[in-house]
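This report covers nonpolar cores and salt bridges. The structure comes first.

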Amino acid sequence: MFTGIVEELGEVVAVEQLADASRFRLRGPLVTEGARHGDSIAVNGVCLTVVETGDGEFTADVMAETLKRSSLGALETGSRVNLERPMAVGGRLGGHIVQGHVDGTGTILERTPSEHWELVKVGLPPHLARYVVEKGSITVDGVSLTVVEVTDDWFTISLIPTTLDLTTLGLKQPGDPVNLEVDVIAKYVERLLGPNARENVK
């Protein structure tokens, strides 16, 4: 379980292409502190399992399903990534409930800078539009954000200087892909209130 509050701006050190997967080596001295084999670390909002760790770096295997559903397949050596460790039990929930299970990818459409913040428009896949609401929460590349405006095919987010400086969202340009995770509570509510709701509550 994560909160979408990015802890560290990391870097891809190496990418090894396997038959039906990829192996990433990533640098993140903060998130690897005390990390062990089997621990979880979110990379651009994708929950990955640590295989090896040492010298401020860790290795993670990314299976074909994850590569298909996320933008991790576009990463290459030198790419910057958002890193977050799982939430500690008893800690503050600074963002919202994030699982690290990407629901799909969007594309940066526009960036509109202002004096103290920046408005970013992101393309929204049709199958995710029903889960995104104005003033609701969404995770973009692992960053917990509030939706400013939403339509059937795009939404906007406002980025403060801290987010622009400390995450990859300050680097993304129009045309770049981003990972999206919608609010899991909305998906559960839809399931419970769907055609089989009566059977589900028996």
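In this predicted model, Ile-157 touches Glu-118, Leu-119, Val-120, Val-122, Val-140, Leu-145, Thr-146 and Val-148, leaving aside residues up to four places away in sequence.

Ile-157 belongs to the largest nonpolar core, which has 21 residues. Val-122, Val-140, Phe-155, Ile-157 and Leu-180 have the most contacts inside this core. Five strands each supply at least two of its residues: S8 (118-123), S9 (137-140), S10 (143-150), S11 (154-159) and S12 (177-181).

Now the charged pairs. The count comes to 11 salt bridges. The table gives three of them, including two that share Glu-65.

| Salt bridge | N to O distance |
|---|---|
| Glu-65 with Lys-68 | 3.4 Å |
| Glu-65 with Arg-69 | 2.4 Å |
| Glu-190 with Arg-130 | 2.5 Å |

Glu-65 and Lys-68 both lie in helix H1 (residues 64-69), 3 residues apart. Arg-69 and Glu-65 are 4 residues apart in helix H1, so about one helical turn separates them. Glu-65 is partly exposed, at 33% relative accessible area. Arg-69 is also partly exposed, at 44%. Lys-68 counts as exposed, at 63%.

The bridge between Glu-190 and Arg-130 links distant parts of the chain, 60 residues apart. Glu-190 sits in helix H3 (residues 184-192), Arg-130 in the loop between S8 and S9. Glu-190 is partly exposed at 33% relative accessibility, and Arg-130 is exposed at 52%. Elsewhere, salt bridges with shared partners join Arg-25, Arg-27 and Glu-57 into one network.

Note on methods. Residues are numbered from 1 along each chain as its sequence is written. This is a predicted model: local features need pLDDT of at least 70, side-chain atom pairs count only at pLDDT 80 or more; totals for chains, interfaces and linings use all residues. Side-chain values use heavy atoms; hydrogens and water are left out. A nonpolar core is a set of buried Ala, Val, Leu, Ile, Met, Phe, Trp, Tyr and Cys residues joined through side-chain atoms within 4.5 Å. Buried means under 20% relative accessible area, exposed over 50%, partly exposed in between (1.4 Å probe, protein chains only). Contact means heavy atoms within 4.5 Å. A salt bridge is a side-chain nitrogen of Lys or Arg within 4 Å of a carboxyl oxygen of Asp or Glu.
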